[in-house]
Every structure is written in structure tokens, then in C-alpha cells.
4 protein chains.
Amino acid sequence: MISKLDINCDLGEFYGMYDERRDSKIMPFISSCNIACGFHSGDPVAIHKTIRLALEHEVAIGAHPSYPDLQGFGRRVMNLSTDELEACVLYQVSALKGMTESLGGCLHHVKPHGALYNHAAKNEETAMGIVKAVVQIKEDMLLYAPAHSILSEVAQDAGLRVCNEVFADRRYENDMSLRSRKLEGAVLHQEEEVIGQIAGFLKGEVVTYEGLDLPIKADTVCLHSDTEGAEELAVAIHKFLEKQNVEIVAC
Amino acid sequence: MISKLDINCDLGEFYGMYDERRDSKIMPFISSCNIACGFHSGDPVAIHKTIRLALEHEVAIGAHPSYPDLQGFGRRVMNLSTDELEACVLYQVSALKGMTESLGGCLHHVKPHGALYNHAAKNEETAMGIVKAVVQIKEDMLLYAPAHSILSEVAQDAGLRVCNEVFADRRYENDMSLRSRKLEGAVLHQEEEVIGQIAGFLKGEVVTYEGLDLPIKADTVCLHSDTEGAEELAVAIHKFLEKQNVEIVAC
Amino acid sequence: MISKLDINCDLGEFYGMYDERRDSKIMPFISSCNIACGFHSGDPVAIHKTIRLALEHEVAIGAHPSYPDLQGFGRRVMNLSTDELEACVLYQVSALKGMTESLGGCLHHVKPHGALYNHAAKNEETAMGIVKAVVQIKEDMLLYAPAHSILSEVAQDAGLRVCNEVFADRRYENDMSLRSRKLEGAVLHQEEEVIGQIAGFLKGEVVTYEGLDLPIKADTVCLHSDTEGAEELAVAIHKFLEKQNVEIVAC
Amino acid sequence: MISKLDINCDLGEFYGMYDERRDSKIMPFISSCNIACGFHSGDPVAIHKTIRLALEHEVAIGAHPSYPDLQGFGRRVMNLSTDELEACVLYQVSALKGMTESLGGCLHHVKPHGALYNHAAKNEETAMGIVKAVVQIKEDMLLYAPAHSILSEVAQDAGLRVCNEVFADRRYENDMSLRSRKLEGAVLHQEEEVIGQIAGFLKGEVVTYEGLDLPIKADTVCLHSDTEGAEELAVAIHKFLEKQNVEIVAC
């Protein structure tokens, strides 16, 4: 049974018209956040505000780089060469790191966004592009990656520290990938189901869509702030973890 | 008579379709460069290549932040608040600084681009927005600014080091501003005229459009790489400075 | 006393992550809408969905062109030349018009967005840039403009038809400009105040912030969909207009 | 032996810093042009100037839509859904069409750009997205597509007219695809080779990289304006076609 768990959330995901109310509400419930770097969302003003908010709440700050796809919110795979991807990630993480340091903080981790995250989980070339960039920023930077993924392996081989990310509101397949949102049964809507899955994570296991009971290593749980009822769910998770004496703390 | 002079040039100013031939040709003739940060030009791949090129040629690397105006190449004044401007500059300079450091270099200076440079030269609020950002990146960062400008004063008051920039191919007005390109006589087209103006700079003086002989402090000369005959002019300037025993070296 | 009134609303203002729920909710209460064209917000997918939604609800479709300022949501004045502005407006209105026609609809009007709208209201050169573009799209196109503004005059001189826009939730100054949001008393928060101002519009008059009772010509009322309680307010306005036997219909 | 041939060229491919000299030089040698629509290049000012230039030279005007990838110049495949692609193409072609009509011209054809062109040539879903959009703009619009490609088939099935495009300076493989630029022998550098390939096109045949003599239908030849010696090559092609009594005229 694990004794501590990180809760992370993707924030600062507005461009042009920043609505800080939503991010303000979720901040008290998380221990780390992943801030959009301007390529899928997040203009400089939004980034600046979100970093300040995270520092106030003592939430660990991560960079959340994406494919350069503002129109598609970074949710579409793009066929970039490793060099192109490396330059894109370097640019975004550098911007986030510098802005964080200018406000007296320091960059805690990197978590790729959307299609980049999912594609790197299973595609070695994409994983290499990300990892090559992150290593240059800091040799032993912390990377949030799916447990048991190619991204996780490539990162560790290159010397990065990896924080295994799990999803409390998504069903897993037998190969430990997330069940596609296009298929039925992909998302857990009931609070009890989500809490049940977290209870499994604490014991190091997960029940897949097809019913297998498989081992899983969970260092950080991702909370989706843009789903309805996100706040209520955050409160419920907090209460449950407290009752289990699990400390909520950044990786 | 001054014994050393910096020659700087704006580089990496392509987006999407990078033509490194032009930048490669001008590199041997300059001691410092100002690299576009993505807001008026310069995608991550272009930036990455230009930094590498500068490091190979041992040319000092500067960030060249702009208003967020890709369509207008940063040549149009935008009515940003000081906070918005601060965030924009922080983002761009951080990106350039991080990418430079990841390649083993270090950021030498900051030079605002286009409309931002010209507007900050005479508008205190705009100058403040830039300076507030740069101070946060590094307390005593070097800033390239027009000699005798408001930007220069605000920067020095805030503790930044300032490198006075002069233009060899542009006529000055009596108030030491550059004569507007919209007016006749704004640009020096003849090589002898340009060399003549540089000869004046070495002695600390400049003859204005109206014929006054005024004092000017010149630390760095800006070379425009996008005008026809830029290379030939660069060679001529080099020869002239050598003959005068003036060392070409970054500020 | 006027017998009909248009209610318009700015829609499709999302980029990358489109939330059609908000727009769907407001559609039943309006007779015309102004769809973002991609320069302050509104990617092609968002535009496509919003046009379809408007056609379903038989809401008249307008183009809502902006300065090219995605980061600033089009809320910052940009110093564009008349030619640059003309090209920008032509591009945006053409895109909206073509997409609307491809879905079997037709473009009903043009309403400039944000800083462009406000600046053109009092700056003749900016008004000219917009009007020159719109006239080329259609000689007698309908333009939404503030009553008694320079934009309105320039448009009528050029042969455009003008629909006078008024704001129910904003206080007017004695010169008929909107009281700046930076000043106290700019926004009417109480439902009764808003309804009271509309009652005045129906009679052709408005009480300014300083208490003057001035004549105003109202053809269309702008409803802000992004303020809290927008839906409740829309319902209240509808009820009031019905009771007054005022038909809600596009200009 | 064919008696007429169109020569087309991709133009207006600048963003922010428009250099009309290059486009001006190539205009006298072509009968149709494909104008960038803002997604891989081409801001509104560049588009406006290029349309004017084409009208002056009586060159037929085409829209040149792309994936939304300004950073990658539209040269990278993006995984868009058919709906997303349809909206993207509708937006771009509408903008070009409206701007052309506002200047008194009319849109002659559509030619997809870069990765979109190449991917649609062999991928049915991508071809469908493009064709669905173009049909909505005009039922029997003219589409430039590679001879014998899936895009060509899908377009004709949907009722579009197709103009078969061939490349004079690129080697063909036995399956009639262009030899990849990454492989040796992809590009014809010698003027005689290019003229030789055009001579083949006139007779309806092409010799592939591996030496096969295959039939090919050529309606339009694409001239690349960004390669060195483009102008000289254009002159040579003109002379050759004149000698052969082949009229150079838009499809």
C-alpha cells in the first residue's frame, strides 16, 4: 500500500480570453500542475497568471508542451521529424522554465500534452524527440509519463526521472493503454467507480475493461478540470485519501 | 576615438521556410546577433539552427522579442498594457535563453524588435514593460537600445547595462531620432556615405539630416542583412575598421 | 415607440476547444449573431458549427472581423495602415461569407469586434479601412455600428446600410460613447436597470451616467453571452419586449 | 501530341515580410497561379498583393489551401478528421474566393498545398475531406491534382473537373508517384533533362526513374519559383513550347 500520491491537473489552458476562476477553484485540491506553453493553448498572460496562482498555493509547476496546433488544441498527431519535435519542446519548456524562475519558482517537471503524450507513449521516435529536448534542459528532469509506456522507458534510459501517471476516471485495456474515448465504457462517470479505481491504485493494481486484475505503479493521478463536477470529485478524492492516511504531495 | 565596436545583425527571421544561406553568409562579419523569438518571426526550428550557427561562429547571442504580430512582422505598434508586454517579453526571452543554454551557450543581451524598439525609445510605459521583464530574467542583463533614448534611461535606472546602438545606413534627425523611412533622405545608399557615418561614430559624432554636427555614443552598429548588397557593405565596413585599428567585438 | 428590435450576440468565440453548449443555450433568444472569423477567436471548426447552429435556429448570420490578435482576443488597438486593415477585413468577411453560403445560408451583416469596433467608432481612418473592405464584398451590405459614431457616418457615406447598435447593460456618457469599463458605474448589473434602459431605447432615449436624458436610435441590442446570468437576462428581456408588443427580428 | 499546356506556380508564400519581387518576375511566364491562403503562408496583405499582380498579368487565380501549419510551411501530415479538414479547406478557399471577387476577378481553381496534396493523392479519407469542401464552394470547380491519383478519382466521382498536374523537374516512380526528395535522383537539375521530360509530356509519356516508358496525361506543369535558376528555366520552357507550337494557357 502506498503512503503518498501526487494529484496533478492541466491548467492555464486558455488563449486570449483567460478565465482564472476555474483554475483558482481547482488549485487547493492538487499538488502539481501542468501549464500550457502556448502551442495548444496558453498565451503569455495566461501562463504568467497561472504560475503566480500555483506559487501562491504551493503547487509544483510543470511545463505542458504540445504539438504546434492551436486550432486543434494539440489533440491531433502531427508528423514532425525528431529534430522538429526537439526544437518545439525545447522552446516551450524553456519559456515555461524561464517565466517560472523569473517569479522565484523552479520548474518541477515536464508532461507532454494531448496527442503528443499519447503518441509518445507508444512511438519510440516521438518519445526520443521529447526526451532529447528535456535532457538538454536538465539532465535528471522529472517527466510525467504513462506507467509501462515506451515514453517512460526511453526517458529512464536517457537518465530522466519518471513519475508514473495514472487516470482515475478512465478504463484501462489489458495492454495497460487507456480505452479509447470513441468506445463505450471509456470513462468512469460515477464517483464510487473513480474512488474504487483509486483504491486499486493505492494497492498497486487496476481492473481492466475486460475484467483482468493487473499490477500498476501509480505516482501521480491526473484530475481533469474541464469535466462537469470536477470540483466535487476533487473533494471526494481528497476525503478518501485522507481516510486512507495517504499524503497528497508532488512527486 | 573609440578602439572597439560591436557589429550586430537581426537573424533567424524566417517562419516556416527557413533559408539559412543568408544568415550563414552574414555571420563571419558580425560580433553579435539578435535572434527572432517567434512573435514576429522565427519558429523553433529556425531559432535552433540560428543559435547553432552563432555558436559555431562565436557570435554573441541576443534575444530579439517583438509585439505578438506575425502578420505584420512586428512592425506595427500594439496597445498592450504594461503587464501584457511584460508577460510577452518574459516568454520570448525565456524561450531564447533556455534554448541557447541547452546548446551550451549563454544569452548575451536583449534587443527589442521593430515597432517595440522604436516605441520604447520614446514611450516610458512601453520601456517599463520591457525593462521589468528583462530585470527578472537577469538583474544586470545587457540591453541594446538607441543612444539617448527613454528606453536607455529607464533600463539604466533599473540596473540593466545598456549598449548604445547606432545605425550606419540611416540619417539622424536633430533630436537624435532616426529619420522616418517615409521621408526622403532617410537611408544612406552609397557605401562612402555609410563609411563616412561610421568614421563619425568612431570620433563620437554624427552629422544630422539638417547638417548639425552632434555628439553620439556608439557601442554597437546595426547591420541590416535584408538589404541588397548587405554582404559587400559588411566587407567594406570590416576593411575600414581594420585600417582604423578598431577591434570588432561584442559589447 | 418602435415596434421591432433585433437582439444580437457575439458567438463562436472559441479557438481550439469549442464549447457549443453556451452558444446553443443563447441561440433561442437572439435574432442575429456575429461569428468570430479566426483573428481574435474562432477556428474553422468552431465557425462551421456556429453557422450550422444559427441556420437551425433561423438566426441571421454576421461576420465579426477583428484585428489579427489572437493572444489579446482582439481587445487591443493595433496600428495598421488602411491598406493592411482593408486586407484583414476582406479576408475574414470573405471566409465567413463563403462558409455561410456553402451551407446554404447568406451573410446578413458585418460587425467589427472589440478594439476594432471601438476604435473605428471615433477614428475616421480606421472606419475607412473597414468600410472600404465591406463595400467591396457587397455594395449595400448591412453594417452594425454604434449609433451616432464616425463609423456609422463613414459607412452611410459609402453606401452601406447601417443598423444602430445599443448596449442594454452599459452606461452611456454625455457624448453617447460607452462609459469605460475601467470606471465605476460602467456596467448595469441589476435586471431592472437593464430592462429600464431597454424601455428607454424603445422610446428613443437614454439616461446618461451624468443624468442627461438624450435621444438615441436603437435598431439592435447587443447581448453579452459571456457574463454570468446571461440566459436569465435574455429571458427577462424577451418577456418584457413581448409585453410591449415589440417584435424581435433581425435588422 | 497535345497542343496546349498550362504552366502553374505557387505564389504569395510569404508571411509578415512580403517580397513581391520574386513573384513579379515569375508572373510573365505562367498561365495560372496557386495563392497561399494563410495556413502555411500568406497573410491577408500578401494575398491581396498577389491577387492584384495576377489580375494585372491575366494569370488564372487558384486557391492553395494547406493543413493549418504555419511553423512547418504545411509540409507535415496532420491527423485531421474529415470534418476538421473540410472546415479548414472551406475557410481558406472562401477567403481566397471572396478576396479575388472583391477585386473583380473570379476563382479559377483549387490546388491543395504540400503535405495535404501529397497525402490526398494516396489517402481516400483525406481526398474526401478536400473534395467535400470544394464541391460546396462550387459544384463543378476545377481541381489541380496529380494524374492517376486517388484525389483525382475522388474529385471526378464527386463531379469536380480535374486538371492533371505533372512535374517537369521531378523523377517519377513506376507507380506514377514522385520519387521522394530524400532519395538520390529525385530532382532533375539540368535544363535539358527538364525540357526532355516536358517533350515526353507533350507526347503523353514519361520515363520513370527505373527506366520504364509509361503513359501520363498532362494538363498543367508546375513550376517551382523558389529554386535557383527558376527564371532561366521558365524562359527555356517557354521557348521550347513555342517552337513546338504548344499554346501556354490556363486549364
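A residue counts as buried when its relative accessible area is under 20%. F201(A) has a relative accessible area of 1%, so F201(A) is buried. Keep that cut-off in mind as we walk through this predicted model.

**A ring pair inside chain A**

Over all chains, the count comes to 14 aromatic pairs. For Y172(A) and F201(A), the ring centres are 6.5 Å apart and the planes meet at 85°, so this pair is edge-to-face.

Where do the two residues sit? Y172(A) belongs to the loop between β6 (161-167) and α7 (191-203) of chain A, while F201(A) is part of helix α7 of chain A. The pair therefore ties together parts that are 29 residues apart in sequence.

**A ring pair in chain C**

Chain C has an edge-to-face pair too, formed by Y172(C) and F201(C). Y172(C) is found in the loop between β6 (161-167) and α7 (191-203) of chain C, and F201(C) in helix α7 of chain C. This pair links distant parts of the chain, 29 residues apart. Both Y172(C) and F201(C) are buried.

Here are the two pairs, side by side:

| Ring pair | Centre to centre | Angle between planes |
|---|---|---|
| Y172(A) and F201(A) | 6.5 Å | 85° |
| Y172(C) and F201(C) | 6.5 Å | 85° |

**Where chain A meets chain B**

Now to the contact between two chains: chain A brings 20 residues to it, and chain B brings 20 residues. The area buried between chain A and chain B is about 1,700 Å², and carbon and sulfur atoms give 70% of this area. P44(A), Y91(A) and S102(A) supply 34% of the area that chain A buries against chain B, more than any other three residues.

How many salt bridges cross this interface? Between chain A and chain B there are zero salt bridges, but four residue pairs are in polar contact.

On the side of chain A that touches chain B, α2 (44-56) and α3 (82-102) of chain A each supply at least two residues. The largest share, 11 residues, comes from α3(A). By class, this side of chain A has 12 nonpolar, six polar and two charged residues.

How values were computed
Residues numbered from 1 in each chain as written. Chains lettered and ligands numbered in written order. Predicted model: local features only at pLDDT ≥ 70, side-chain atom pairs only at ≥ 80, totals over all residues. Heavy atoms only, no water. Contact = heavy atoms within 4.5 Å. Buried area = accessible area lost by both parts, 1.4 Å probe. Salt bridge = Lys/Arg side-chain N within 4 Å of Asp/Glu carboxyl O. Polar contact = N/O pair within 3.5 Å; in protein donor to acceptor, adjacent residues only side chain to side chain. Helix = DSSP H or I, 4+ residues; strand = E, 2+ residues; numbered from the N terminus. Nonpolar A, V, L, I, M, F, W, Y, C, P; charged D, E, K, R; others polar. Phe/Tyr/Trp six-rings, centres within 6.5 Å; stacked < 30°, edge-to-face > 60°. Buried < 20%, exposed > 50% of the residue type's maximum accessible area, 1.4 Å probe, protein only.
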